[in-house]
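Reader: I would like to go through this structure with you step by step. May I begin with a term before we look at details?

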Amino acid sequence: MTLNYFKDHIFDLVNESDLLDVTDIKTNERNNGFCITVSDGSVFIIQCIKIENNKPL
């Protein structure tokens with residue numbers, strides 16, 4: 001699976017979640033991630049990194 005394919009699906013999952021009550025998602029292609037703002041004003045960053053050859057962090 002490619003990193004871009006994975007990121008696209010993560011974006012869709014976050015964006016379509018009724019439980020998270022997302023008010024804004026900004027993509028950050030340079031860092032392979034997203035900046036997510038929810039209804040109470042909290043901001044979260046999700047960064048996606050593909051691990052090569054299944055090596056753990």
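Predicted model: local features only at pLDDT ≥ 70, side-chain atom pairs only at ≥ 80, totals over all residues.

Reader: Which residue stands opposite Val43 in strand 3?

Author: Thr37 stands opposite Val43. Strand 2 and strand 3, the latter covering residues 43–47, run antiparallel and are joined by five bridges.

Reader: What does strand 1 pair with, and in which sense?

Author: Strand 1, residues 22–28, pairs with strand 2, residues 33–38, in the antiparallel sense. Six bridges connect these two strands. Asn28 is found opposite Gly33 in strand 2.

Reader: Let me step back. What is the pattern of the chain along the sequence?

Author: The pattern reads α-β-β-β. The secondary structure comes to one helix and three strands.

Reader: And what box do the C-alpha atoms fill?

Author: Taken along the principal axes, the box is roughly 40 × 20 × 15 Å. The chain has 57 residues, and buried residues make up 16% of them.

Reader: Back to the strands. How many residues lie between strand 1 and strand 2 in their hairpin?

Author: There are four residues between them. Asn32 belongs to that turn, with a positive phi of about 55 degrees. The hairpin of strand 2 and strand 3 likewise has four residues between the strands, and Gly41 there takes a positive phi near 95 degrees.

Reader: Which other residue has a positive phi although it is not a glycine?

Author: Asp21 does, with a phi of about 50 degrees. Asp21 sits in the loop between helix 1 and strand 1, whereas Asn32 sits in the loop between strand 1 and strand 2.

Reader: How accessible is Asp21?

Author: Asp21 has a relative accessible area of 42% and is therefore partly exposed. Asn32 is partly exposed too, with a value of 23%.

Reader: What does the side chain of Asn32 contact?

Author: The side chain of Asn32 makes a polar contact with the side chain of Lys7, at 2.8 Å. Lys7 is found in helix 1.

Reader: Is Lys7 buried or exposed?

Author: Lys7 is buried, because its relative accessibility is 5% and buried means under 20%.

Reader: Which residue meets Lys7 in a salt bridge?

Author: Glu29 does, and the N to O distance between the two side chains is 3.2 Å. This pair links distant parts of the chain, with Lys7 in helix 1 and Glu29 in the loop between strand 1 and strand 2, 22 residues apart. Glu29 is exposed, with a relative accessible area of 52%.

Reader: Why can such side chains pair at all?

Author: Side chains of opposite charge can pair when their charged atoms come close.

Reader: How many salt bridges does a search of the whole structure find?

Author: The search finds two. Besides the pair of Lys7 and Glu29, the side chains of Asp24 and Lys26 meet in a salt bridge, also with 3.2 Å from N to O. Asp24 is partly exposed at 30% relative accessible area, while Lys26 is exposed at 52%.

Reader: Now a new topic. How many aromatic pairs are found?

Author: A search of the whole structure finds one aromatic pair. Its rings belong to Phe11 and Phe34, with centres 5.7 Å apart. The planes stand at 50 degrees, so the pair is tilted.

Reader: Where are Phe11 and Phe34 in the chain?

Author: Phe11 is in helix 1, residues 3–16, and Phe34 is in strand 2. They are 23 residues apart, and the pair links distant parts of the chain.

Reader: Which of the two is buried, and which is partly exposed?

Author: Phe34 is buried, with a relative accessible area of 7%. Phe11 is partly exposed, with a value of 25%.

Reader: One last matter. Which residues make the nonpolar surface patch?

Author: Met1, Tyr5 and Phe6 make that patch, which is about 360 Å². Met1 lies in the segment before helix 1. Its relative accessibility is 65%, so Met1 counts as exposed.

Technical notes: Residues numbered from 1 in each chain as written. Heavy atoms only, no water. Pairing = 2+ DSSP bridges. Phe/Tyr/Trp six-rings, centres within 6.5 Å; stacked < 30°, edge-to-face > 60°. Buried < 20%, exposed > 50% of the residue type's maximum accessible area, 1.4 Å probe, protein only. Patch = residues over 30% accessible without salt bridge, like charges linked within 9 Å, V, L, I, M, F, W, Y side chains within 5 Å. Areas by Shrake-Rupley, 256 points an atom, 1.4 Å probe, with all protein chains shown as cover. Salt bridge = Lys/Arg side-chain N within 4 Å of Asp/Glu carboxyl O. Polar contact = N/O pair within 3.5 Å; in protein donor to acceptor, adjacent residues only side chain to side chain.
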